[in-house]
Amino acid sequence: MVNILISSVKGGVGKSTVTAELVSSLKRTNEKYSYIDLDFQGDPMYETSINENAVVTVIDTPPGMSENLARWQQSADILVIPTLMTARDMIPLQTMRDIVKVNFTGQTLYVLNRWDRFNASKDFVTWFNQLPDTDNRVLLPQSTVFARASEYQESVVTFAKRSPAAVAVMEMVNKVRRMAGLPEESIL
Ligand SMILES: Nc1ncnc2c1ncn2[C@@H]1O[C@H](COP(=O)(O)OP(=O)(O)O)[C@@H](O)[C@H]1O
Ligand SMILES: [Mg+2]
């Protein structure tokens, strides 16, 4: 069983969005999965569901630096860290990296979220690019498709198939699926 933890110390960076898209992909391909929502403040697309035969468990987490964060990381195999790309995201992401360094030994994927040329700070990009272990990354564009799809409790992949958001999400879910040893989902 592969545990995938979606986590960041900062809220509003896309944890629940990323989680919902991962679960949607697993659902579309009939994978056996469990989904656990540890963030009771959120408004998730899916309800927590446990499958005894699950090959993969997807876990969404609340923001903040709880003691639990360390414990959850210790039992994760794959850590997905969404972040925005503004100058104000550098310190929270560094804090997250410090916690990860102590508690996590598995594979990490960075999701650079809400990307567009206006809200990606040069300072962030320069800093992020010189970090030693951030090659495994994927960009998700800033797009109203995310909010519109979630109004219908739908994945952007089925809601707006040909949108840049859907293409980027497919790349993201397939990266995670490869990391978890699952077959890729083919593009519709
Ligand atoms: N790439 C994106 N473009 C536009 N809006 C986004 C994007 N990613 C997330 N959002 C929106 O930002 C808000 C916060 O995202 P959410 O996934 O709930 O963050 P978190 O779980 O980290 O608090 C939501 O309203 C979501 O629809
Ligand atoms: Mg959330």
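Visitor: How many helices and strands are there in the protein?
Guide: Good place to start! This is a predicted model. From the N terminus on, its elements run β-α-β-β-α-β-α-β-α-β-α-α-α. Sorted by type, that gives seven helices and six strands.

Visitor: In what order do the strands lie in the sheet?
Guide: The six strands form an open sheet, and their pairing is parallel. Strands of a sheet pair through backbone hydrogen bonds, either parallel or antiparallel. Reading across this sheet, the order is 2-3-1-4-5-6.

Visitor: Which residue in strand 6 does Tyr 110 stand opposite?
Guide: Strand 5 covers residues 107–115 and runs parallel to strand 6. Four bridges join the two. Across from Tyr 110 you will find Arg 137.

Visitor: Which helix makes a β-α-β unit with strand 4 and strand 5?
Guide: The unit is right-handed. Strand 5 also belongs to another right-handed unit, with helix 4 (residues 122–129) and strand 6. For strand 4 and strand 5, the helix is helix 3 (residues 90–103).

Visitor: What angle does the direction of helix 1 make with that of strand 3?
Guide: Helix 1 (residues 15–28) packs on the sheet. Among the strands it touches are strand 1 (2–6), strand 3 (56–60) and strand 4 (78–83). Its direction and that of strand 3 make an angle of about 160 degrees.

Visitor: How many polar residues are in the shell around ligand 1?
Guide: Ligand 1 is surrounded by 16 residues, and the closest are Gly 14, Lys 15, Ser 16, Thr 17 and Phe 146. Helix 1, strand 5 and helix 5 (145–151) each supply at least two residues of this shell. By class, four are nonpolar and two are charged, while the polar residues number 10.

Visitor: What is the radius of gyration of the protein?
Guide: The C-alpha atoms fill a box of roughly 40 × 35 × 30 Å along the principal axes. A compact globule with 188 residues would have a radius near 16 Å. The protein agrees with that, because its radius of gyration is 15 Å.

Technical notes. Residues numbered from 1 in each chain as written. Chains lettered and ligands numbered in written order. Predicted model: local features only at pLDDT ≥ 70, side-chain atom pairs only at ≥ 80, totals over all residues. Pairing = 2+ DSSP bridges. Contact = placed C-beta atoms within 7 Å. Axes fitted to C-alpha atoms, helices over the stretch in contact; angles between N-to-C directions. Right-handed = clockwise from strand over helix to strand, strands pointing away. Near = placed C-beta within 6 Å. Nonpolar A, V, L, I, M, F, W, Y, C, P; charged D, E, K, R; others polar. Rg over C-alpha atoms; globule rule 2.2 N^0.38 Å.
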